[in-house]
Amino acid sequence: MKNQRDSKATENNVVTRLTCFRAQITYLCKNHPNVHIDLSIAKSRKKLVNVPAVITSVYPNIFFATLDEDGIKRNYTFQYADLLTGNLIVRELDNLVEA
């Protein structure tokens with residue numbers, strides 16, 4: 001019984017954190033869309049460090065950003081879970097103060 005409660009609490013914590021990330025990304029999209037992104041995905045050749053990006057649109061499970069890689073603009077789709085796992089870092093999220 002305790003393990004079920006612990007797993008339920010962990011699941012609720014994950015949902016809460018994803019909801020918080022979604023709200024923060026939505027805020028940035030509306031108010032400060034110019035951000036800097038770090039991206040590192042295991043088993044991928046793609047690694048971005050402090051790349052300027054513009055958050056272009058936000059949806060319930062994903063958000064879109066245009067990144068400027070060496071003068072070439074590329075469109076990317078990110079999941080909020082990427083923020084949760086640490087594969088994606090939006091540096092400006094560290095500067096947001098929760099009310």
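**Figure 1. Buried residues and surface of the protein chain.** Of the 99 residues in the protein chain, 28% are buried. The structure shown is a predicted model. Its accessible surface comes to about 7,000 Å². Carbon and sulfur atoms account for 51% of that surface.

**Figure 2. Order of the helices and strands.** Two helices and five strands make up the elements of the protein chain. Read from the N terminus, they follow the order α-β-β-β-β-α-β. Among contacts between residues at least 6 apart in sequence, 43% join residues at least 24 apart.

**Figure 3. The largest nonpolar core.** This core holds 21 residues. Ile-25, Ile-37, Phe-63, Leu-67, Phe-78, Leu-83 and Val-90 have the most contacts inside it. At least two core residues come from each of α1, β1 (34-40), β2 (47-58), β3 (62-69), β4, α2 (80-85) and β5 (88-90). In soluble globular proteins, nonpolar side chains tend to be buried together.

**Figure 4. Surroundings of Leu-83.** Leu-83 is among the residues with the most contacts inside the largest nonpolar core. Which residues is Leu-83 in contact with, leaving aside its neighbours within four places in sequence? They are Phe-21, Ile-25, Phe-63, Leu-88, Val-90 and Leu-93. Of these partners, Ile-25, Phe-63 and Val-90 also belong to the group with the most contacts inside the core.

**Figure 5. Confidence along the protein chain.** The mean pLDDT of the protein chain is 82, and 81% of its residues reach 70 or more. Among the elements, strand β4 (residues 72-79) has the highest mean pLDDT, 90. Helix α1 (residues 2-31) has the lowest, 81. Where pLDDT is low, the predicted coordinates should not be read in detail.

How values were computed:
Residues numbered from 1 in each chain as written. Predicted model: local features only at pLDDT ≥ 70, side-chain atom pairs only at ≥ 80, totals over all residues. Heavy atoms only, no water. pLDDT = per-residue confidence, 0-100. Helix = DSSP H or I, 4+ residues; strand = E, 2+ residues; numbered from the N terminus. Core = buried A, V, L, I, M, F, W, Y, C linked by side-chain atoms within 4.5 Å. Buried < 20%, exposed > 50% of the residue type's maximum accessible area, 1.4 Å probe, protein only. Contact = heavy atoms within 4.5 Å. Areas by Shrake-Rupley, 256 points an atom, 1.4 Å probe, with all protein chains shown as cover.
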